[in-house]
Amino acid sequence: MREIVSVQIGQCGNQIGEKFWETICIDHQIPLDGKISQQALSDPREDILKPRGKYEVYFKEIGTYGGSEVQFVPRSVLVDMEPGVLDSIRGGKLRDLFKPDHMLNGQDGSCNNWAKGYLHQGGEYIEQTMEIIRRECESCDCIQAFQLAHSVGGGTGSGFGSLLLCRLYDEFPDILLMNASVLPSTQVSDVVVEPYNTILSLAYLVDYSNGVFCIDNEALYKICMNKLKVERINYINYYSTLGGATTSLRYPGQLNSDVRKLSVNMVPFPRLHFYMTGLSPLVHDYVKPYLKNDIAEVTRDLFEPSNMLCDCDPRSGRYLTFAAIYRGQTNTREIEETIMNFQNKNSSSFVEWIPHNAKVASCDVPLKGRGLKATFIANNTSIQNILRRSRDRYFKMMKRKAFLHWYTAQGMEELQFMEAEANIVDIISEYEQYTHVPVDDDIPSEFCELEDSLEELDSGFGGL
């Protein structure tokens, strides 16, 4: 079994994680307290509530005292430097789901300071966190990936998240590191030093992560207000992105995929691993009866800018690669034809030098109570706009060294800021470069020399 260990960091990461686990329990038909009787598990009748799918990807089974029940425990680690959010989880609907010793919190917080989360709080809590993760990995048969949920604008999610990402990369080099990262919004922000935290955190994501699912609250707010017609942000959209990427691991389907295959097909160059994410359909309940909800309509909506979970228009860049993951009754041939037709009609939006840049997966088991749905993951060069926006906001403050003393007081040096900024400038330049690379670009001279040598060798064989 290819397991995934989830790590939730900071206030934002744990709020995302709480909704993620609530929804994935419903998806796998596991009660929110994680307890199911042995009698129900052994009952062959289909109308008896029991777990469905390969729930072992995210859960492990533990026998309870007396052996009458089985406890399903998430493969999850919850970390925060202040007790507020974790206390609300301990007293909420999922209070009996998580292992208490897998919930680690401090008392004084990181004060929205990357340096405090990385240096001060990091030195105090990183070994405890790594020990919990090691124990969790030992209980897995074949762990495939770490799934990290965090924000890059705060203190714990950015600072401690960067340190933990670096340690996981060093200690588990063969295991994929997938980040669900909440990026700064142009409108929704309550942290003044957010530009500093963002640039410092993004620099670590460039160097150590294998894939970053970019999400921001501004795009989610627009979706909730304009499409779902709800007044409060609903974190279920985050679940649909994270859960959608692992659908083929958890349920059978016609076209199977997994996290490693996704990474291989989505990342053409090592540093270009920032993904735009989208969902389809995204409509209010009263609109659903008027939708055809067929493969063509769902696929067309996947490419709509208004369905993206990050505030970025994909039409301003080009698709390097993309993945479409369907759940529900589908037809493999129809999916492939629909995507091919869309690519042919919008060929200018896709780079020509990656001929087959679409990764498709489908699962026959729909979400409970839902029809056909799809998750969209795209490596689009327009993601540079988000990175450039963060860099510009950082530059305005760094030019006058505003608030810099809060970081140097924790032991940081200005050189670290300069290195992080240079890293982000480089990644922006790389995305911009590959936006305009033509398919008939000049072939490097070494390939021409190799081709000439092969022709000479071939002519020599022909004379024998």
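**Exercise 1. A serine and its neighbours**

Which residues does Ser158 touch, not counting residues up to four places away in sequence?

Solution. Start with the ground rules. This is a predicted model, in which local features need pLDDT of at least 70 and side-chain atom pairs count only at pLDDT 80 or more, while totals for chains, interfaces and linings use all residues. Residues are numbered from 1 along each chain as its sequence is written, and side-chain values use heavy atoms, with hydrogens and water left out.

- Step 1. Find the residue. Ser158 sits in helix H5, residues 156-171. Helices (H or I, at least four residues) and strands (E, at least two) are DSSP runs, numbered from the N terminus.
- Step 2. List the neighbours. A contact means heavy atoms within 4.5 Å. Ser158 touches Trp114, Ser151, Val152, Gly153, Asn197 and Ser201.
- Step 3. Check the cover. Ser158 has 0% relative accessibility and counts as buried. Buried means under 20% relative accessible area, exposed over 50%, and partly exposed in between (1.4 Å probe, protein chains only).
- Step 4. Look at the side chain. One of its polar atoms lies 2.4 Å from the backbone oxygen of Gly154.

**Exercise 2. The whole chain**

Describe the chain by its elements, burial, contacts and surface.

Solution. 

- Step 1. Count the elements. There are 16 helices and 13 strands.
- Step 2. Take burial. The chain has 464 residues, and 54% of them count as buried.
- Step 3. Take contacts. Among those with a separation of 6 or more, 81% are between residues 24 or more positions apart.

**Exercise 3. One face of a helix**

Which residues of helix H10 are buried, and why do they line one face?

Solution. 

- Step 1. Helix H10 covers residues 259-266. Val259, Leu262, Ser263 and Met266 are buried there.
- Step 2. Look down the axis of H10. The buried residues fall within an arc of 95 degrees, so they line one face of the helix. The arc is that of the directions from the helix axis to the C-beta atoms.

**Exercise 4. Salt bridges**

Solution. 

- Step 1. Define the term. A salt bridge is a side-chain nitrogen of Lys or Arg within 4 Å of a carboxyl oxygen of Asp or Glu. The structure holds 23 of them.
- Step 2. Take Glu22 and Lys93. Glu22 is in helix H1 (residues 10-27), and Lys93 is in the loop between helix H3 (84-90) and strand E6 (103-105), 71 residues apart.
- Step 3. Compare their cover. Glu22 is buried at 13% relative accessible area, whereas Lys93 is exposed at 52%.
- Step 4. Take Lys222 and Asp311. Lys222 lies in helix H7 (residues 217-227) and Asp311 in the loop between helix H11 (295-302) and strand E11 (319-327), so the pair ties together parts 89 residues apart in sequence.
- Step 5. Check both. Lys222 is partly exposed at 36%, and Asp311 is partly exposed at 21%.

**Exercise 5. A residue inside helix H6**

How far apart are Ile199 and Ala422 in sequence and in space?

Solution. 

- Step 1. Ile199 is in helix H6. With a relative accessible area of 0%, Ile199 is buried.
- Step 2. Ile199 and Ala422 are 223 residues apart in sequence and 9.8 Å apart in space, C-alpha to C-alpha.
- Step 3. Beyond four places in sequence, Ile199 touches residues including Tyr394, Ala420 and Ile424.

**Exercise 6. Backbone exceptions**

Where is the cis peptide bond, and what is phi of Asn112 and of Phe403?

Solution. 

- Step 1. Recall the rule. Most residues other than glycine have a negative phi, and most peptide bonds are trans.
- Step 2. Ser280 and Pro281 are joined by a cis peptide bond, with omega about -5 degrees. Pro281 is in the loop between strand E10 (274-280) and H11.
- Step 3. Asn112 has a positive phi, near 55 degrees. Asn112 lies in the loop between E6 and helix H4 (114-138).
- Step 4. Phe403 has a positive phi of about 65 degrees. Phe403 is in the loop between helix H13 (384-398) and helix H14 (405-408).

How values were computed: A polar contact is a pair of N or O atoms within 3.5 Å; within protein, one must be able to donate a hydrogen and the other to accept it, and residues adjacent in sequence count only if both atoms are side-chain atoms.
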